[in-house]
Amino acid sequence: MTDNTTPHRIADTRADRGSARITYPNSLPRPEGELEALERVWAAPKGWRKLSVVNNNYIGVYYVGASFLFFILAGLLALIIRVQLATPDNQFIGHELYNQLFTMHGTVMMFLFAVPAVEAMAVYLLPNMLGARDLPFPRLSAYAFWAYFAGGLAFFCSIFFGLAPNGGWFMYPPLTSTEYSPGINADFWLLGIGFIEISAIAGAVEIIVGILKTRAPGMSLDKLPIYAWAMLVFAAMIVIGFPAVILATALLEVERAFDWPFFIAERGGDPLLWQHLFWFFGHPEVYIIFLPAAGMVSMIVPTMAQTPLVGYRLVVLALLATGFLSFGLWVHHMYTTGLPHLSLSFFSAASSVVAIPSGIQVFAWIATIAAGKLQLKTPALFILGFLFIFTLGGLTGVMVAMVPFDWQAHDTYFVVAHLHYVLIGGMVFPLFAALYYWIPTVSRQPLSERVGKWVFWLMFLGVNITFFTMHITGLVGMPRRVYTYPAALGWDTLNLISTIGAFMIAAGVLLFTIDLVRRFRVTDGPNAGNVWNAGTLEWLPAGDYQTRSIPEVRSREPIWDQPNLPEDVKEGRYYLPGTATGQRETLVTTPIDARPQYLLQLPGPNWGSFLAALLTAAFFMGLTIKLYVPAMIAGGLAIAAIFWWMWDTDHGGSDTEVDVGAGIKLPVNASGSVSHSWWGVVTLLLVVAMIYICLVFSYLFLWLVNGDAWLPDAARLPELWQPALSALAWIGSSIVVILAGRLLSAGGWVAPALLLLLAAPLLPLGIWLEVQGQLETGLRPTETSYGATVYMLSALQGVFVAAVMLSALFVVLRCLVGLVHNGRRASFDNLQLLWHYATAQGLVGLLVVHGFPRLVGMG
Amino acid sequence: MREQISLRPLAFIASGLLVWGAHFTLVYAFNSYVCTRGLAADRLLGMNLVHLVIGVLTLLALLVLAGIMLAVVIGHRPRLHGTQGEALHGFTQSVTLLVLAISALAIFTQAVPAYIVPACA
């Protein structure tokens, strides 16, 4: 690899604005046909084949559009709820439908609108903002979008059949256990939401690798746009937080389907386990939604004030601190569950400390507004509305973080008011600001300023009329989730006011939608342009290939600070002004200081990701409605479609290096720890590890609450030689895979493929030995929570091992057709990572199951 | 290998909050164990068990933060190049120190209730 730390050769210079001499990586004029070739390889498919598109500028727009659709659908549910509550003793809808409506409203808003909307904005914005041609795994983005859209629509349609979940958006057992929710309504939530979270995690992997590896040269961490910092923290929080709810949904579904008693107190389970797992995800979820919105605000405020953000370093600190501290708050949703006072105090302390970073950001925005001259355009109005509403929500947040107050306000409309102030203020208003602000980058014309002001005032007044009133409704005693109330309680006027406010919000959203239909026209040609005079890269002239050339970044607002940048980028003076290999490409740079590392060939349109998404949705839907055979067929076909999409993504490295400008010659593609796919797999393994850690936590939690009754009297632990055999099988398989890797390095593919086939059966063998050993002791998963968690550890290992074996099959198939060899081994290297992780996870499981009871003297 | 070395500034930036996370996990797990096993009134070295353990854990966490701070201020020099490298170094150093400060505050705030609130009431 060329040493890119040496000073760049000056390819072209020009004097600009009198004094500054600018050096350019590439000279003009550019070769004939260079731009046409770039346009050709990046062109999106036309007509019905557009469903197979993977370019982020299309998938991102689809994604934002789909999340907005779910926002409207969930909003319509809210309007029905408000009509029902507008008058006392109302019989507009019955209690059963009401239960489904409020459950679906919360669930759709949180899982199908809020998180996908901010992820969607990132899919669209990040490559443009970072100076990349696309995200590093475009087909994964397409899969994540289609899976979310198809799964989300199917989930939403359950309301039309009376099958929608009805246990509240947090689905607490025992209400949602089989005994009290025997139908499949709860299964729709558990399988539907569990599936949609896969999409969120896929997006998070994409975002982390994209931000760390595909930035424009020179965009070191100190020049990273604040939005990218926010999305990096956001994605890391998804990796840490979402596994908890994935495990929780899996445990509850397994309990409902197979009667394994994780949450049934009579058999050693504990409903509080669900609350711990759910809120370990659920509270950070608030910040998962808020931080991207805060990142957007930090981009919009400087532009609207025409001055750089005040306190960049402090805002980075605030984002990091909020991300971490938010994981110390989950029990603040459980203050009334009888936990010890001191335990509550730990969470109360963290709840108070997290106000500091939030406050830092608010003051940074106010200081930026004060330092510049704010243009009161529609995005700025929504920002001001956000500051007002979110600050009020934050203040009531500090109130409910105080244990004594929370005991009084818990489960009343005060909490409903608080959470809507935080979520609408903290996410919806910034999102509307962002839509008004960034639509000119994708549409031929911006949205109407005149209509925008009407939209803002209707929504701003509507939100305050609806939810400020709810604080009082809660303080005078109205509980949440009641479908009606008697007139004598004095809640009727307050509820009527809230309903009027809700319809004002709806009128604002309707007006916005009409304006969108009138003026929003997606273009792959010239867009509305830099209408706000913004300073960051997403405002450079762009096409399907993003920018014509990839700029070298020298400041946080390069368009403001680097004279003539848009024209120079458009003319091709900067890096990679064409296609160096005749395929889609982007630059991969180092994570800290953004030095060019290699040229990454990106995959183009493919039906595999689209089909895989639909089939995965069909698999989960089949499981939910208990059509097991069609579900299995859909699952098998989904795997085949994933194989198809993955087949041509490992291009391998080429022997020649390509010139990207400034004399920098880069290798094409890479393998090992430099490779983007290696980073993607490591991020994915963090998710898997978190799921497993949450299961180990569940085991220890149930041990703690059960005391001496944890290990049933009749049960005994297997002899130690039995887990030793399992360990040997797993360690042996890893050694064989290491050997296969060495043989691959030495040349040839036959022996490595054969060794993989030899090693593969050892993984399930280890699980079989472990399960067999437990069965011989008489332990059964249905009898006690101890048995359920012990077998669940093996079951989770089994799911992961199945994934590893499918990956091994994929690599062996590629070996057979000559697509794996020493120069093209990314898929093999990634398989090795998965394999060794499976071994490590299995060994940890054995230590927990066989070591922990002996350690505490129960074996 | 070169890649791993270059990730050190990010690791330093996050280190303070990782220490906070470890402290939080340990004190919460310890208090839960003490309460479910009825050990809240036990004494060790003449001190209340909860006060002693949470105090020691807090002191240890603050010492680790101090160690990281020293490493950042006097010991750690990233292998970065040129003027831009200096600016980047200044940025990572100052953000690391700010993160350490807020982590110390969070750890301290977390420990204080142990001396005010009964452990298991």
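Let me start with two helices of chain A: the axes of α21 (residues 721-745) and α22 (residues 750-759) come within 8 Å and cross at roughly 170°, where axes are lines fitted to C-alpha atoms over the stretch in contact and angles run from 0 to 180 degrees between N-to-C directions. That crossing makes α21(A) roughly antiparallel to α22(A), a term used for angles over 145 degrees. Helices here are DSSP runs of H or I with at least four residues, numbered from the N terminus.

A word on the source: this is a predicted model, in which local features need pLDDT of at least 70 and side-chain atom pairs count only at pLDDT 80 or more, while totals for chains, interfaces and linings use all residues. Residues are numbered from 1 along each chain as its sequence is written, and chains are lettered from A.

Turning to the two chains, the contact between them takes 34 residues from chain A and 42 residues from chain B. On the side of chain A that touches chain B, the largest share, 9 residues, comes from α9(A), and the residues of that side divide into 21 nonpolar, 10 polar and 3 charged.

Terms used
Two residues are in contact if their C-beta atoms, placed from the backbone, lie within 7 Å. Ala, Val, Leu, Ile, Met, Phe, Trp, Tyr, Cys and Pro count as nonpolar, Asp, Glu, Lys and Arg as charged, and the others, Gly among them, as polar. Angles under 35 degrees count as roughly parallel, over 145 as roughly antiparallel, 65 to 115 as roughly perpendicular and the rest as oblique.
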